[in-house]
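Reader: I would like to go through this model with you, taking the overall picture before the details. Could you begin with one chain as a whole?

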Amino acid sequence: MTKSLITRRGMMKNSAIAGAGLAMPTIFTGSSAAAFTNEPTGSTVKFGFNVPQTGPYADEGLDELRAQELAVEHINGMGDGGMLNTFSSKALGGNGVLGKKVEFVTGDTQTKSDAARASAKSMIEKDGVVMINGGSSSGVAVAVQGLCQEAGIIFMAGLTHSNDTTGKDRKANGFRHFFNAYMSGAALAPVLANAYGKERRAYHLTADYTWGWTQQESIQAATEAMGWQTVNNVLTPLASTDFSSYIAPVLNSGADVLVLNHYGGNMINSLTQAVQFGLRDKMVNGKQFEIVVPLYSELMAAGAGSNVEGVYGSMNWNWQLQDAGTQAFVKSFGEKYGRPPSNSAHTCYVQTLLYADAVARAGSFNPCAVAEALEGFEFDGMGNGPTLYRAEDHQCFKDVLVMKGKENPSNQYDTLEIVETTPRAQVEYAANHPMFGGDDASLGSCNAGA
Amino acid sequence: MDAVILQILNGLDKGSAYALIALGLTLIFGTLGVVNFAHGALFMIGAFCAVTLQRIFGLSFVTEDPTQKDFLGRPLKVETPYLESWFGPDLGGAIIDWSVPLAILFSIPIMIAVGYIMERGLIKHFYKRAHADQILVTFGLAIVLQEIVKANFGANPIQTPAPEAFRGSFDFGVLLGFDPNAIIYPYWRLVYFGFAGVIIGAVFAFLQFTTFGMVVRAGMADRETVGLLGINIDKRFTIMFGIAAAVAGLAGVMYAPINSPNYHMGMDFLVLSFVVVVVGGMGSLPGAVAAGFLLGVLESFASNSTFKGYIVEFLHVGGTFTEKMIQGLDQIVIYLVAIIILLTRPRGLMGRKGVMEE
């Protein structure tokens with residue numbers, strides 16, 4: 001690292017923020033000599049991994065933690081290096097970040113916004129972490145992203161699929177690698193129209209929170225553009241476990257497709273019950289009744305067992321991809337933990353590496369320098385093909401996978417198959433798209449805290 | 001009309017679960033005077049008895065098959081259940097397939113033991129304490145049990161399918177003269193409803209027609225007098241606690257195929273079951289059962305958007321705040337009805353004067 005990495009723009013931004021920082025009370029009372037929140041001074045630097053360790057998404061959180069631990073190993077030069085060998089940027093040398101060994105602490109989001117904020121706050125104030133990574137649930141991601149913005153550290157979002165995370169709730173200090181609901185709709189709709197025809201009547205059951213709303217809106221728009229009609233959209237409470245009374249009205253609604261905008265335990269239960277009520281054996285309007293689960297995960301598919309067979313959905317990434325990056329990651333993860341990584345594990349692993357790499361390229365842990373290094377960053381070798389971190393909204397743009405539940409799984413991990421890799425161009429949209437807050441949505445300005 | 005029948009059916013199976021749990025709660029409250037917040041956990045443990053038996057039946061030995069590869073390109077490890085290698089794939093497979101019904105037998109001794117240990121080991125020491133103490137200690141116990149289950153089985157729901165013969169659904173509509181596919185109901189839910197009826201009947205018969213039951217009923221009415229007659233009522237009440245635990249456990253076992261068990265399912269049912277007990281009338285067993293079915297059916301209707309649409313139309317409140325309130329009815333309807341019933345009948349539907357009152 002010989003070249004100077006302080007740019008004119010970064011410099012001006014920092015001084016402006018430093019000025020603002022002096023005038024504004026912050027939630028921190030750290031040393032006033034530091035240029036930014038939790039500036040690492042010793043030979044180590046701390047990352048904070050905020051994932052659900054209890055609550056309905058705990059299994060997902062456990063897989064994220066495994067991946068993050070693996071990423072830290074690889075950054076520190078242990079293990080086989082995983083995706084660092086295939087990553088197009090070579091700024092990380094396997095000796096930590098900027099010569100500092102990476103350590104990490106973990107927090108438990110419990111999949112509750114207030115608990116997630118509390119654990120993030122504690123990691124920032126007590127443990128002195130320079131960044132927060134991970135999580136599952138968009139409600140949590142939006143809450144923690146807001147906190148990191150106020151605190152002046154970088155938030156690398158984990159599994160969050162709501163359009164709002166990088167839409168109306170986007171923040172200058174927050175970055176999302178995972179894909180979003182709009183992209184799911186754009187990738188899925190043509191495949192659905194192709195498989196089930198263009199004259200279909202869809203009935204939506206939707207989890208009643210930010211992710212469900214935006215996913216329903218996205219899928220409805222994308223399928224209606226293909227000629228489908230939307231018969232009804234019913235919001236279901238997130239805490240529901242028995243969906244039978246929501247499913248029964250579908251039988252006589254005249255709909256011939258059921259779209260389940262549910263995730264995790266909700267999805268396992270609603271899909272299982274829809275199958276129990278014989279929906280998939282039913283003929284409506286002279287057509288075979290079909291079920292669609294727009295957002296899939298391996299852990300959910302395993303939970304729903306044979307009910308996912310033949311059901312379409314979408315994913316950010318899958319371990320069965322054949323590119324070099326995926327193979328390197330699956331090999332190191334599989335050898336360490338004896339199982340293939342889930343797509344939430346993948347996004348958290350990649351986010352950790354991307355953060356460390358951005359620090360190395362920026363030559364600083366200053367969140368504003370890191371944000372600048374991430375903005376507009378193009379990379380490859382991380383399992384999704386050429387990827388762009390768009391500067392306007394901090395959303396990654398890359399290929400999307402359309403998946404289908406496998407008809408004859410050969411083992412417990414072999415639950416889903418890749419139907420299509422939808423090219424990035426097909427899922428792109430303008431940063432001021434109406435579903436993403438329109439012209440009102442703004443990142444605001446970067447906050448370095450201190 | 002078909003939609004109405006479907007929602008009633010829907011309510012009946014949920015009502016069955018409420019009724020079974022509320023029955024156990026009332027038994028414990030009526031005999032021991034303890035408000036048992038750990039009762040939902042007993043329901044959950046029952047469901048996990050089914051999961052455990054499914055796991056035991058599924059215990060497998062591993063052989064490497066060099067012709068197939070796993071996800072890392074190593075020889076695939078093929079798992080064959082011991083049962084299938086001992087009894088052949090037909091009989092072995094059938095035993096595995098029938099693990100949920102077989103779990104009924106498996107769960108009864110386990111649930112009675114859990115109930116006995118719970119009562120003798122912990123709850124016994126709280127008989128003379130205030131209700132608030134009992135609630136706190138049993139609530140704590142519920143959390144401990146929940147976390148133990150989560151530590152062993154993970155947080156995700158676990159698929160526990162019904163036997164192949166009961167999968168699929170029954171076309172009620174044809175039976176009643178409707179079009180085919182108009183009223184479809186899963187077989188297993190019908191089984192559950194019938195099963196609940198049998199258990200409820202058995203508990204009532206036990207209390208009504210056996211000497212043991214008679215003593216317990218007498219003890220519920222006047223514990224002191226029964227004690228003065230030289231009957232060891234405590235021992236009988238302990239046994240009743242075991243029976244109540246078994247009822248909750250059986251309700252859980254049979255519920256496993258309807259809703260994949262997770263560690264949290266007990267809490268989901270517990271609060272509602274308390275409402276059921278209060279609505280039915282504290283200490284009244286028939287009240288608990290009736291209120292269980294009543295609230296199950298009400299909840300089912302309240303979560304049907306079509307019916308809510310009718311209400312909105314009828315009241316001419318489309319597009320207003322009231323419409324939003326009505327759309328959110330499914331989450332509050334039980335409490336709303338509880339308020340109305342308690343305002344008009346403070347002792348609940350079948351509560352009697354002098355029972356469970358100071």
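Reader: What share of the residues of chain B count as buried?

Author: The model is a predicted one, and its values are computed from the predicted atoms. Chain B holds 15 helices and four strands, and its C-alpha trace spans about 75 × 65 × 40 Å along the principal axes. With buried taken as under 20% relative accessible area, the share of the 358 residues of chain B that count as buried is 50%.

Reader: Which percentage of the contacts in chain B with a separation of 6 or more comes from residues 24 or more positions apart?

Author: A contact here requires heavy atoms within 4.5 Å. Among the contacts in chain B with a separation of 6 or more, the part that residues 24 or more positions apart account for is 72%.

Reader: On which side or sides of H15(B) do its buried residues lie, and against which helices do they pack?

Author: Helix H15 of chain B, residues 333-344, has twelve residues and reaches 17 Å from its first C-alpha to its last, close to the 16 Å expected at 1.5 Å a residue. Its buried residues are Val333(B), Ile334(B), Val337(B), Ala338(B) and Ile341(B), and because they cover an arc of only 135 degrees around the axis, they lie on the same side of H15(B). On the other side of H15(B), Ile340(B) and Leu343(B) are exposed. The helices against which the buried residues pack are H1, H11 and H12 of chain B.

Reader: How do the axes of H1(B) and H12(B) cross, and how do the residues of their contact divide?

Author: The two axes come within 6 Å and cross at roughly 145 degrees, and H1(B) passes H12(B) in a right-handed crossing. The residues of this contact divide into 14 nonpolar, nine polar and two charged.

Reader: What is the angle between H4(B) and H10(B), and how many residues of their contact are charged?

Author: Helix H4 (residues 99-121) and helix H10 (residues 233-255) of chain B pack at an angle of about 145 degrees, with their axes 7 Å apart, and their crossing is right-handed. The contact includes Ile104(B), Ile108(B), Met111(B) and Glu119(B) of H4(B) together with Phe241(B), Gly242(B), Leu250(B) and Val253(B) of H10(B). Its residues divide into 14 nonpolar and five polar, while the number of charged ones is two.

Reader: Turning to chain A, is Gly82(A) buried or exposed, and which residues does it touch?

Author: Gly82(A) lies in the loop between helix H2 (58-75) and strand S2 (101-108) of chain A. Because its relative accessible area is 1%, Gly82(A) counts as buried. If residues up to four places away in sequence are not counted, those that Gly82(A) touches are His74(A), Ala328(A), Ser332(A) and Tyr349(A).

Reader: What is the phi of Leu98(A), and what is its relative accessible area?

Author: Most residues other than glycine have a negative phi. Leu98(A), placed in the loop between H2 and S2 of chain A, has a positive phi near 50 degrees. Leu98(A) is partly exposed, its relative accessible area being 35%.

Reader: Where in chain A is His394(A), and what is its relative accessibility?

Author: His394(A) is found in the loop between strand S14 (387-389) and strand S15 (396-397) of chain A, and its phi, near 60 degrees, is a positive value in a residue other than glycine. His394(A) counts as buried, because its relative accessibility is 0%.

Key. Residues numbered from 1 in each chain as written. Chains lettered and ligands numbered in written order. Predicted model: local features only at pLDDT ≥ 70, side-chain atom pairs only at ≥ 80, totals over all residues. Heavy atoms only, no water. Helix = DSSP H or I, 4+ residues; strand = E, 2+ residues; numbered from the N terminus. Expected span 1.5 Å × (residues − 1). Buried < 20%, exposed > 50% of the residue type's maximum accessible area, 1.4 Å probe, protein only. Arc of directions from axis to C-beta. Axes fitted to C-alpha atoms, helices over the stretch in contact; angles between N-to-C directions. Left-handed = near helix turned anticlockwise from the far one by under 90°. Nonpolar A, V, L, I, M, F, W, Y, C, P; charged D, E, K, R; others polar.
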